[in-house]
Amino acid sequence: MRKFPQRMMVLLIDFDNRENRLSYAQSQIPDNLKERVFILGVQSEPENLKRDINKSFEENGDVLAQDCSDNTNELWGHELLKHNKTQLERMIVSVKPFLFN
């Protein structure tokens, strides 16, 4: 990432209901790269989200991407995803101009 200053990265992790999982992951990222790394994930396990809304992982991804594109919260507001709000807001500002045009 240092070689390519425009490169951004999304880390998808299982938070496993651990409140410190995000802060731990962030602490592993060098300070000079933190603004270009976004950490998102399901509060517990992805299978729980899949079961809750009865959609495949691919369908979930499509809905999440559409939410970003449309500035909606159809799925991002779900109990298992709403903790991503701060990271999601940062990410949308950074990637929407080139990703969702």
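The second largest pocket holds about 210 Å³ of space. A word on terms. On a 1 Å grid over the protein atoms alone, a pocket is an open set of points where a 1.4 Å probe fits, with protein on both sides within 12 Å along at least five of seven lines. Lining residues have an atom within 4 Å of a point. Volume is the space filled by probe spheres set on the points, which are joined across faces, edges and corners.

This is a predicted model, where local features need pLDDT of at least 70 and side-chain atom pairs count only at pLDDT 80 or more, while totals for chains, interfaces and linings use all residues. Numbering runs from 1 along each chain as its sequence is written, and side-chain values use heavy atoms, without hydrogens or water.

Back to our pocket. It has 14 lining residues, and T72, N73, W76, K85 and L88 lie nearest its centre. Two elements, α3 and α4, each give two or more residues to this lining. Helix α4 gives the largest share, 4 residues. By class, we get 5 nonpolar, 5 polar and 4 charged. Nonpolar here is Ala, Val, Leu, Ile, Met, Phe, Trp, Tyr, Cys and Pro; charged is Asp, Glu, Lys and Arg; the others, with Gly, are polar.

Now the largest pocket. Its space is about 540 Å³. It is lined by 26 residues, and closest to its centre are L12, L40, G61, L64 and W76. Which element gives the most to this lining? It is α3, with 6 residues. The classes are 21 nonpolar, 4 polar and 1 charged.

Next, the cores. A nonpolar core is a set of buried Ala, Val, Leu, Ile, Met, Phe, Trp, Tyr and Cys residues joined through side-chain atoms within 4.5 Å. Buried means under 20% relative accessible area, with a 1.4 Å probe and protein chains only. The largest core has 15 residues, and L49, W76 and L88 are among those with the most contacts inside it. Helix α4 supplies the largest share of this core, 4 residues. A second, separate core has 6 residues, including F15 and I39.

Look at L49. Beyond its neighbours within four places in sequence, it touches V42, N60, L75, H78, L80 and L81. Contact is heavy atoms within 4.5 Å.

Last, confidence. pLDDT runs from 0 to 100 for each residue. The chain's mean is 92, and 99% of residues reach 70 or more. Helices (H or I, at least four residues) and strands (E, at least two) are DSSP runs, numbered from the N terminus.

Technical notes:
pLDDT is the predictor's confidence in each residue, from 0 to 100. Buried means under 20% relative accessible area, exposed over 50%, partly exposed in between (1.4 Å probe, protein chains only).
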